[in-house]
Amino acid sequence: MNHSKCFVFVVRQPPFRGDRTVELVDQLLAVAAFDHPVDVLFLDDGVWQLQAAHVLEGAGLRPLAPLLRTLEFYDVREVAAEHESLAERALSPDGLVLPVRLLARSEVPAWIAGHDVAVGCG
Amino acid sequence: MVGALIMKFVIQIDASPHEAQAANTAYQFIKAALANGHHILLVFFYYDGVCNAQVSSFAGKDDLSGRWSALAREHGLDLVLCVSAAQRRGLVSAEGKDQGLLAPGFRIGGLGQWVDACLKADRILTFTS
Amino acid sequence: MSVLHLVNASPFESAALSRCLARAGEGDAVLLLENGVYGALTGCRFSREVAEAAAWLDIRVLAPDLRARGLCASSLLQTLGQVDYDGFVELAVRHELSLTWT
Amino acid sequence: MDVNQPLRLGADGFLLDSHSWDEATAERLAETIGIRLTDAHWEIVRFIRDYHRRFDHLPNARLFVKAVQKELGETKGNNRYLHGLFPGGPLKHACLIAGLPKPPGCL
C-alpha cells in the first residue's frame, strides 16, 4: 500500500487553448478519484479561467464554468488564486465561477512547498 | 552526499516534438538520469505529448519517436500514452486500438497509471511548453 | 520541500522568467533552459533583475542549450552557474518538487 | 421519437444525435445491449444525464462510482451495485442508454 501524497496543479495559462482545460481537469480529477488530496492554484493568466462572465455565443467555444464546477463536486481540497494575479487584471474574487482561497504572492512559495507533487501546466 | 542517492522518477511530457523543444529536453534528461543510475518508473505522454509516439513519414535516425523506441528497448522504459489524449488526437481509435500509428515501445494507458506511479516515485517532473 | 523551477521561454517573448522569480522561495533553484537561456545574457533588459535574484537564489543555465544557441561565456552573467544534463538531474534530486514556467 | 424510425447509431452503438433522445429511445437503446430498464436503471440513467447537463463533462469509470455515491449514497455508489445493473460496464452503458457520447478513455 502506497502512502497518500498531496498534489498541487499550478495553472498559469489563459482559457480556450484548445482542449488544455479539459485535459487539465481530467488529470486533476484522476487524483481526486483515488482519494488523494489535490489542490489547484490559478496564477498569472490562469486566473482568466475563473472569470464567470464568459459569453461564448457566436464564438464556437465550449463554456468552462460547468467543467470547473466539477472541482467542487469531487472535493478538490483547495481551489486557490493569487490575489495579485487577480488585482493586476482588475478581476474581483467575488465574480469568479468558484469560491477560491486567496493567497498573497508572498504566501505562494511556502504554500506550493507544502505539497508532495507539483504539476505545472505551462 | 545527496548526489549519490538513487531515485525513482516519473516524467510527464506535454508537448509535441514538432513544435517545442520540451520533449527532446525530457529525452536528454532521462538519458542522463539512467546513466547516473536512477530509475524511470514511467514516461507519461499527455496533452500534445502523445504525438511523440507518431512515426514521421520522413522518419530518419534523428526522429524522436525512433529515439524513444530505442531508449525503451535498451532500458526497458515504460512509455505510456494517455488513452483519452490519444483518442482526442485520433492516434487511437474510440475502441482504444492503436491503429498501427504508434512507434514500437509505446503503449496505451490511463491517468490512473500516472497517479499510481506518482505515489511510488521520489520525483515527478513535467516537461511542457 | 524546495522547488526546482524550470524556465524554458525567452524573457523577450514571455513573462515566465519574472513570474517565476517573483514566486521562487528561499532554498529553491531556477534552471534556465531551452529558449529560457536568453535570460542569462548580460547587458540586456533582464540582466539586472536576474543578477539581483541570483544574489539570494540558486540560478543555473543549461550549457548544451547555450551552446546550441551560439551563446558564449563572455556574453553571460558571470554569477550564474552552468550545468549539463547530469547537473540538471542532480538539481532534480536535490529539490523535491519541480515546476515549469513557459 | 417515432418507434418505427430506425435508431441512428455510431459504429460503437452510441446514439448519433443526442437531441433525438427521449424515454422511448432509451428503452430501445437499452434493448440493443440486452437490458430491460427498471426503476433502478432509470435512476442511474437520469443521474448521468443530469450530471452531463450540469458539468458538460463525462467522468471516467472511477469518478462515475464516486459521483453516484455522492448523489445517491453508498448503497448505490459502489461497483457491485452498478455492475449488477449494467454488467457490460456501468459508465459506458449508462451513457449509451442516456443518449450521451461515449466517455473519453472508455474502451
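1. Throughout this note, two residues are in contact when they have heavy atoms within 4.5 Å. In chain C, residues 24 or more positions apart account for 77% of the contacts with a separation of 6 or more.

2. The model is predicted: local features need pLDDT of at least 70, side-chain atom pairs count only at pLDDT 80 or more, and totals for chains, interfaces and linings use all residues. Residues are numbered from 1 along each chain as its sequence is written, chains are lettered from A and ligands numbered from 1 in the order in which they are written, and side-chain values use heavy atoms, with hydrogens and water left out.

3. Chain C contains 4 helices and 5 strands, where helices (H or I, at least four residues) and strands (E, at least two) are DSSP runs numbered from the N terminus. Their order along the sequence is β-α-β-α-β-α-β-α-β. The radius of gyration of chain C is 12 Å, close to the 13 Å that the globule rule gives for 102 residues, so chain C is as compact as a globular protein of that length. That radius is taken over C-alpha atoms, and the rule is 2.2 Å times the number of residues to the power 0.38.

4. Of the 102 residues of chain C, 61% count as buried, a term that means under 20% relative accessible area (1.4 Å probe, protein chains only). The C-alpha atoms of chain C fill a box of roughly 35 × 25 × 25 Å along the principal axes.

5. As to the assembly, 5 pairs of chains touch, and chains A and B make the most contacts among them. Chains C and D do not touch, their nearest C-alpha atoms being 27 Å apart.

6. A:Q49 sits in the loop between strand 2 (38-42) and helix 2 (65-73) of chain A. This residue counts as buried because its relative accessibility is 4%. Its side chain makes a polar contact with that of A:T21 at 2.9 Å; such a contact is a pair of N or O atoms within 3.5 Å, and within protein one must be able to donate a hydrogen and the other to accept it, while residues adjacent in sequence count only if both atoms are side-chain atoms. Beyond four places in sequence, the contacts of A:Q49 include A:F42, A:H54 and A:L68.

7. A:L28 belongs to helix 1 (residues 20-33) of chain A. With 1% relative accessibility, A:L28 counts as buried. Residues up to four places away aside, A:L28 touches A:F9, A:V38, A:V40, A:L71 and A:V76.

Note on methods. Buried < 20%, exposed > 50% of the residue type's maximum accessible area, 1.4 Å probe, protein only.
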